[in-house]
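The following exercises are to be worked with the sequence and coordinates at hand. Each task is followed by a solution in steps.

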Amino acid sequence: MSNPAPQDRAPEDRKDSMAESAATPPAAAAAAKRGPSVATRERRDGLVNPSGETPYLVVEDLSVKFPTADGLVSAVNGLSYSVPLGRTLAIVGESGSGKSVSSMAVMGLHDRKRTRISGSIRLGGDELIGLSENDLMKIRGDAVSMVFQDPQSSLHPLYTIGNQLTEAYRVHHKVSKDVAKKRALEMLELVGIPNPPRRFAQYPHEFSGGMRQRAMIAMSLINDPKLVIADEPTTALDVTVQAQILDLLNNLQKEFGSAIVLITHDLGVVAEMADDVLVMYAGRCVEYGTAADVLANPRMPYTWGLLESIPTVSAASERLRPIKGLPPSLLNLPDGCSFAARCPYVERVKGELCTTQLPELLPVDGAGAHTSRCHLHDKASIYEAEVAPRLG
Amino acid sequence: MSETLLQVRDLKMHFPIKEAAGLGRTKKVVQAVDGVSFDLKQSGSLGLVGESGCGKSTTGRMITRLLTPTAGQILFKGTDIAQLKERELRPFRRQLQIVFQDPYSSLNPRQTVSNIISTPLRVHNLVKKGKELARVQELLERVGLNPEHHNRYPNEFSGGQRQRIGIARALAVEPEVIIADEPVSALDVSIQAQVMNLLEDLRRDLGIAFVFIAHDLGVVRHFCDEVAVMYLGKIVEQGSRDQIYNAPQHPYTQALLSAAPDLGTIRGVPPKERIRLVGDVPSPIDPPSGCRFRTRCWKAEDICATQEPLLEIKPQSSPGHTAACHFAEPKVDLTAATA
């Protein structure tokens, strides 16, 4: 299946990761000057992080493509991010933006035969891409675990909760059933499920939605993972239960110091949970920085559009300003900025830059860790003068 | 003051469930809705909020008579339609339309858009033969779709566009009331705002009254003038938008507002206090005695278990603001303040 378009774009993807290296903090930049070997070291350790801490998970120039009967679907294009231990990165985007696909790549959950993955995913310094299925199995559920959106379909309906929890533990630890059971009961207690011994013997259908999600979290934490990927963990839950689960994730993170990648479409959840935010659009990162930077001083028209289209509980909004149109097809991404067709600010960029050249992910104020992908020159003044007043 | 269009009085829906117990069968009921009353003004918008299982959708289905209530009245312009037979009901069906949550399962995949939208026109004899297509195209244009696409099938449209088709179908018979049952919760945020704006336009331009059922408190705050908060089949608090969002009286409303993830926490000043409910909603088969919320309420005392609180105006509250709680008191600062 040959589709020339994505290959043409490959060199540009390369540029993105270079753009990110320009975003390294001054210390790293100074270190980079000392010599090429040190520079590569620093790069490998991935000091490309908004917090400046040494990251545990480093994703670099990740691309995920699926050959299909209709052509090559470029689900993720040149995505780079990093998460240190104890920190939460929220990946935000609409359906089809590639947020789930990129995280499934981290877990190695894509069908190898049907997926083309390139780039680098390093966990505590070890490369995951290219690992055999057996080696991946050792990492999956142990160092990295995942909490899925729908606990109803991600728990096995024919096994008891206890059975599933102990299995998860015994796969990675050579212990007797009794020891595993003790551990499972401990975990159920920890995630706030009342009466663990009784719940241990019950089946998933006997749990309510919130309790099921707690059991799911217990299962994902049973091996003390250093990285938890939570894919829309509360989308299927009610607001009051959602608040309980988000608190639980927060508290567990404080206790275990694990890194969390939170995938969500809800900017409210992002505001409550995230340290760092990465906004995805059509398979690319369009804005990346600390939560305060991205949500309070966004520098990309798509992020502005998202913020303007949400009615919040705390403010009576006037008319909503939706983003016009639909996201582009991943089969045939447009040249230039993928958001150009929906962007109200295209005319303010000279020439036809927006539709011909893909903007690089660059630091918004010339330096620093807050980056965005947009050709607009005066992003800060447009935001302050036009967008911020509308947000109230 | 505009005229009251719809009056709902003490509406109940009890679904019987069969359970084999020993030799005989015990009769149990799920009290999905248990005594709900509200008024809807002409071109008004009432929001029904609550968590899953609180009976908000069942209420919507009873008003459109997709379900026949166990008890209570639904007065549409003075006529009680709660127990009307199908034949007598038909003229009222035209006045009361519904838009469903899931734009994928609420449109027949084997019918063209034109057919989907024109069926209600034919059923109610609203257009002459040969004029159908023109009317369908007019409706498509009204909801922001390309009129040329009338011959397409639902699978050729995106989620947001399908929801527009569902809205066009409801509009076809020129209803006075539309029940919108979670009309935007299956859509992406940017698309959600497009559909919200469309609904607002319809309300403003055509004077259609809305019963807006949603779990998203932000969306309800944006769209509705009046808000009723439901818990386990009952309305626990009701009032104008400002009364409910700025000075909620019932502990459940306060907990809901406090639990809603809020973008304002980063953009403005986060609230000082967080209310977190414990546990889950009890079963509607055997709801708690007295106040149904007492099992999760931090204010509950003995009286709450024995005496059911009435939905009434409290001495401290402003006119029209009712709450069903023995210990109701207004609470502010539950959501983030703007900086």
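**Exercise 1.** At which residues of chain A does UniProt place the feature "domain: ABC transporter"?

*Solution.* This is a predicted model, in which local features need pLDDT of at least 70, side-chain atom pairs count only at pLDDT 80 or more, and totals for chains, interfaces and linings use all residues. Residues are numbered from 1 along each chain as its sequence is written, while chains are lettered from A and ligands numbered from 1 in the order in which they are written.

Step 1. The UniProt record, an unreviewed entry, places the feature at residues 57-307 of chain A; positions follow the numbering used here, the feature name is shortened, and the annotation may be inferred rather than shown by experiment.

Step 2. The span 57-307 of chain A is 41% helix and 27% strand, and its end C-alpha atoms are 28 Å apart. Helices (H or I, at least four residues) and strands (E, at least two) are DSSP runs, numbered from the N terminus.

Step 3. Chain A has 16 helices and 12 strands.

**Exercise 2.** Determine how H5(B) and H6(B) pack.

*Solution.* Step 1. Two packed helices are described by the angle between their axes and the distance between the axes. The axes of H5(B) (residues 159-171) and H6(B) come within 9 Å and cross at roughly 20 degrees; axes are lines fitted to C-alpha atoms over the stretch in contact, with angles from 0 to 180 degrees between N-to-C directions.

Step 2. H5(B) and H6(B) are therefore roughly parallel to each other, a term for angles under 35 degrees.

Step 3. Residues in contact have C-beta atoms, placed from the backbone, within 7 Å. H5(B) contributes B:Gly159, B:Gly160, B:Gln163, B:Arg164 and B:Ile167, and H6(B) contributes B:Ile191, B:Gln194, B:Val195 and B:Leu198.

**Exercise 3.** Describe the side of chain B that touches chain A.

*Solution.* Step 1. The contact involves 41 residues from chain A and 36 residues from chain B.

Step 2. On the chain B side, H6 (189-206), H7 (217-223), H9 (251-259) and H10 (264-267) each supply at least two residues. The largest share, seven residues, comes from H6(B).

**Exercise 4.** Is H1(B) mostly covered or mostly uncovered?

*Solution.* Step 1. H1 of chain B (residues 56-63) is mostly covered, with eight of its eight residues buried; buried means that 20 or more other C-beta atoms, placed from the backbone, lie within 10 Å of the residue's own.

Step 2. Just after H1(B), B:Arg65 adopts a positive phi of about 60 degrees.

Definitions and conventions: Buried ≥ 20, exposed ≤ 12 C-beta atoms within 10 Å, placed from the backbone. Contact = placed C-beta atoms within 7 Å. Parallel < 35°, antiparallel > 145°, perpendicular 65-115°, else oblique.
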